[in-house]
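Here's a protein model to explore together. Take a look at the sequence and the structure, and then we'll walk through some of the features.

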Amino acid sequence: MNKIPNRQAICEVLMDKAKEDKDIMVLCSDSRGSASMTPFADNFPDQFIETGIAEQNLVSISAGLAKCGKKTFACSPACFLSTRSYEQAKIDVAYSNTNVTLIGISGGISYGALGMSHHSAQDIAAISAIPNIRVYLPSDRHQTKCLMEALLEDEEPAYIRVGRNAVEDVYEEGKVNFQMNKAGVVGENPEDCEILLVACGEMVKPCVDAAKALNEKGIKTTVLDMYCVKPLDKEAIIKYAAKAKAVVTVEEHSPFGGLGSMVSQVVGAECPKRVINMALPDAPVITGTSREVFDYYGLNAEGIEKTVEEILRK
């Protein structure tokens, strides 16, 4: 069982690259521990800035440093980064086209028992609505590493959401087959599928497990790992949805404006068929750990498998 959370993978990549690249800057809003950035701060004090609990300042300072030629990474809980500093993300990062990567840590319902004030079930919709900023939700530590390495090679604005806890590996180390802004295809029947599952972030692994169970039952199922929510890999959606009887999207997000809405738009325009969106409810979620919340709402392998079987019975 993997014990390395995606946030730690981010820190490890930045520490490795910062040894040679002194333009890399990491900023935190009293969140270095939550972001797993304490090792970076300790080893590269001249490349680290602590703004305190001031998310607006965090983003604006990051943008200013980027205008001075720095590669800046602003780390803060996703629930605050995507709301308190929304205007700064819109104007100082996206509109000003600065080389800033916003890293939303403890995303989705990672904070579990802390409730709606600390959940970020709206960030995909909110950030995606801003022109000129990309949105990424990597599925495991290996994909996170590949994504971070790619982002260090470009200068465009981006938002990354990662969860708080370690997640099971979707890929093997060195075998991610990563392409920037291209969905990963996971499953036994990529070219011949009855059901297409499209997921992002922590929901990819439950989809992979559900697909395995469904394939064993003779239901040909393919999983698209849509880590690149924006820009959405429309070509992959059209290619595989065109062959499927139905499409199921799975996301740790509100049912409005997220991955399900985006996929539905593409399928409806290009290859119309039934699309089912599995997401968090339009209500404050129950109190509990991430696993307890996912299980309660059926956002687990068993719930996904059950949903697919119900679709095929209709």
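Which strands does helix α7 (residues 141-151) lie across? Helix α7 lies across β3, β4, β5 (134-136) and β6 (158-161), and runs at about 165° to β6. Keep in mind that this is a predicted model.

## The seven-stranded sheet

Let's start with the strands under that helix. There's an open sheet of 7 strands, and if you read across it you get the order β2-β1-β3-β4-β6-β5-β10, with mixed pairing. The edge strands are β2 (48-50) and β10 (228-230), and each of them pairs on one side only. The twist from one strand to the next averages 20°.

Now zoom in on one pair. Strand β1 (residues 24-28) and β2 pair in the parallel sense over 3 bridges, with Cys-28 standing opposite Glu-50 in β2. Helix α3 (residues 55-67) packs on the sheet, where it touches β1, β2, β3 (71-77) and β4 (100-105). The direction of α3 makes about 170° with that of β3.

## A strand wrapped up inside

Next stop: strand β11 (residues 246-250). Is it enclosed or open? All 5 of the 5 residues of β11 are buried, so the strand is largely enclosed by the rest of the structure. Ala-246, Val-248 and Val-250 point one way from β11, while Val-247 and Thr-249 point the other way.

β11 has a partner in strand β8 (residues 195-199), paired in the parallel sense over 5 bridges, and another in strand β12 (residues 274-278), also parallel and over 5 bridges. Follow Thr-249 to see both: Val-198 stands opposite Thr-249, and in β12 the bridge partner of Thr-249 is Asn-277. Together, β11, helix α10 (residues 259-270) and β12 make a right-handed β-α-β unit.

## Salt bridges across the chain

Time for some charged pairs: the model has 18 salt bridges. One of them joins Glu-156 and Arg-134, with the closest N and O atoms 3.9 Å apart. Glu-156 lies in the loop between α7 and β6 and Arg-134 in strand β5, so the pair ties together parts that are 22 residues apart in sequence. Glu-156 is partly exposed, at 43% relative accessibility, whereas Arg-134 is buried, at 8%.

Another salt bridge brings together the side chains of Lys-217 and Glu-309 (2.6 Å, N to O). Lys-217 is in the loop between α8 and β9 and Glu-309 in helix α12 (residues 301-313), so this pair ties together parts that are 92 residues apart in sequence. Lys-217 counts as partly exposed, with a relative accessible area of 49%. Finally, look for Asp-123, Arg-161 and Glu-252, which are linked in a network of salt bridges.

Notes
Residues are numbered from 1 along each chain as its sequence is written. This is a predicted model: local features need pLDDT of at least 70, side-chain atom pairs count only at pLDDT 80 or more; totals for chains, interfaces and linings use all residues. Side-chain values use heavy atoms; hydrogens and water are left out. Buried means under 20% relative accessible area, exposed over 50%, partly exposed in between (1.4 Å probe, protein chains only). Helices (H or I, at least four residues) and strands (E, at least two) are DSSP runs, numbered from the N terminus. Two strands pair if DSSP finds at least two bridges between them. A crossover is right-handed if, with the strands pointing away from the viewer, the path from the first strand over the helix to the second runs clockwise. Axes are lines fitted to C-alpha atoms, for helices over the stretch in contact, and angles run from 0 to 180 degrees between N-to-C directions. Contact means heavy atoms within 4.5 Å. A salt bridge is a side-chain nitrogen of Lys or Arg within 4 Å of a carboxyl oxygen of Asp or Glu.
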